[in-house]
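Trainee: I have a model open and would like to learn how to read it. Where do I begin?

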Amino acid sequence: MTTIHIFLNDPIQILSSKENKVIGILESALIIIFVFICVIFFILAEKNRAIVAISGALVTYFVITFIEGHSFSIIVELLFGSTSDQYVNLHSLMLIIGMMFIVQISDEIGTFQFLAVIAIKMSRGKPIPLMIILCILSFLFSSILNNILTVMILIPLTITVSRVLNVSPTPYILTQAVVVNIGGTLFSISSIPNILITQEASISLPTYFFEIGFFSIITFVFTILFFILLYKNDLSIPKDKAINILLYDFDIWNVVQSPRLLYASLGALVLLMFSFFIVPYSFLKEYLSPDIIALSIAMILTIISRLDTQEISTIIKKFDYELIFYLLGIFIITGGLEIVGVTDFLGDIFSNIGGGNEFFQLLLIMWAAAFSSSLVDNVPITNVFIPIVDGIAGTTSTSTIRNRYFYSLSIGANWGDNLTPLGDNILVLNIAKENNRPINITTFWKLGFITTIYQLFLATLFFTLLYNVIVGILIIGIIGVIVGIFFILAKRGSFGIQSRIDKGLFTFRNYIVT
């Protein structure tokens, strides 16, 4: 009888326990989702993102500890990682801090301004070469600096050059602002989302560069061609007198503290990239991680530069501490979403929508991440997507295919920022306005949206080639034929056809530019 009594009651106790656990998880999930939405809302409302993220993290902490019953150690794991993931968050933070050190010292020395002035002089004031060079600078600078520092260096310089040449800076500013985000996918260290993604997925810098960075260069080239087609009739040609002022009266050495410091800074940047490319990834992962390399080179640069205590204090004060606290808060909130099963649930949705088709899942991740990051800062979006992508990619057969899932997230999270004039793009508009060169936000939005859709289409074509070469080549062939016919008709067609084509192109350009 006793045995029967236990047999009859145990299932009831087990079911009751499971029901309570499910209800508890559901409550926790709803609270943390609400917290995440509130954090996004207040960031969009331009409240201090660090305060907002830390506040949300505290609420998440109370949910995880008091409702879910976890100890304080789970918070430490969410902040810095654990032995199972090789302390991925800690490595990410250390790499960001190391890069901040190198970038801020180089900026204080005037390294980036020096390189920019040299490049601008190479254009000799000619409109299209000037646009190409400014875009190249934006692309390369944003691959090393963050987007904010890139536009803070280049946009004022662009406005100054436009005043010297007496031309409108608007086309140059707009094109640079759009190109900045492509530079974010050149290297694994080129953006915060990239650092988070590649640290989590254990993707080395050379691997990332040769598989995605090279494609980013191709996309950059096609984007420049699109800009030339768009603005070739709207760029003012400066007068010879203005060109002479740019070439001969604009002293490049005025922007640097000293040649010795400049060479030390350039040497540090070259050594950094050389180390990431040359040192074997197995050695990097086991003994000398990228963050340790960055911090070591930062300290060497500080010592070689012989900066005094006050100068070092000034540089440290310029660190983006708000970003660090913001990341710490986001780590806890998105980690909370993972603990209560929200990311697993979203991962199942993505898997079911994709139907197990890797190609479709890749495109779904890329486009979803792109449109999400156009409305919300791409850091929390990336952190939410990482466990989702990791869950989907975990079922793949090879590391190559697994990496492609993370590459699609990287492209979407970085490039989607230009779909709307929010986020870092607001800074571009503010700088232009402060320098009495205001830019219409609608014009910015039209150029950013159309260009980003064009870039995402190129990325879609890229993944198509990876999964089905024949279909990819066929699509490229069809596009080539259409473009070729269009070009022939525009040059050799009847007067009526040429007029209609010219009118269509004029309407398209006018719609974006004006």
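Mentor: We will go from the whole chain to single residues.
Mentor: This is a predicted model, so local features need pLDDT of at least 70, side-chain atom pairs count only at pLDDT 80 or more, and totals for chains, interfaces and linings use all residues. Residues are numbered from 1 along each chain as its sequence is written, and side-chain values use heavy atoms, with hydrogens and water left out.

Trainee: How many helices and strands are there in the protein?
Mentor: Helices (H or I, at least four residues) and strands (E, at least two) are DSSP runs, numbered from the N terminus. Here there are 24 helices and zero strands.

Trainee: What percentage of the residues is buried?
Mentor: Buried means under 20% relative accessible area, exposed over 50%, and partly exposed in between (1.4 Å probe, protein chains only). Of the 514 residues in this protein, 50% are buried.

Trainee: What does the accessible surface of the protein come to?
Mentor: Such areas come from the Shrake-Rupley method with a 1.4 Å probe; for residues, only the protein chains shown count as cover. The total is about 24600 Å², and carbon and sulfur atoms hold 68% of that.

Trainee: Which residues have the most contacts inside the largest nonpolar core?
Mentor: A nonpolar core is a set of buried Ala, Val, Leu, Ile, Met, Phe, Trp, Tyr and Cys residues joined through side-chain atoms within 4.5 Å. The largest one has 147 residues, with Leu137, Phe227 and Ile411 making the most contacts inside it. Helix α10 (residues 205-231) supplies the largest share, eleven residues.

Trainee: What is Ile411 in contact with?
Mentor: Contact means heavy atoms within 4.5 Å. Leave aside neighbours within four places in sequence, and Ile411 meets Thr185, Ile212, Phe215, Met366, Gly416, Leu456, Ala459 and Phe463. Over the protein, 78% of contacts with a separation of 6 or more join residues 24 or more positions apart.

Trainee: Is Gln455 buried or exposed?
Mentor: Gln455 counts as buried because its relative accessibility is 1%. Gln455 lies in helix α22 (residues 441-467). Not counting residues up to four places away, Gln455 touches Val178, Ile182, Thr219, Thr223 and Trp415.

Trainee: And where is Leu461?
Mentor: Leu461 is in helix α22. Leu461 is buried, at 13% relative accessibility. Beyond four places in sequence, Leu461 touches Gly472, Ile475 and Ile476. Leu461 and Ile475 are 14 residues apart in sequence, and 8.1 Å apart from C-alpha to C-alpha.

Trainee: At what angle do helix α23 and helix α24 pack?
Mentor: Axes are lines fitted to C-alpha atoms, for helices over the stretch in contact, and angles run from 0 to 180 degrees between N-to-C directions. Helix α23 (residues 469-492) and helix α24 (residues 495-513) pack at about 115 degrees, with axes 7 Å apart. Phe486, Leu489, Ala490, Lys491 and Arg492 in α23 meet Ile497, Gln498, Ile501 and Leu505 in α24.

Trainee: Where is His91 found?
Mentor: His91 is in helix α4 (residues 88-109). His91 is partly exposed, with a relative accessible area of 23%. Apart from neighbours within four places, the contacts of His91 are Gln86, Gln199, Ser289 and Asp291.

Trainee: What is phi of Ser202 near?
Mentor: Phi of Ser202 is near 55 degrees, a positive value in a residue other than glycine. Ser202 sits in the loop between α9 (192-201) and α10.
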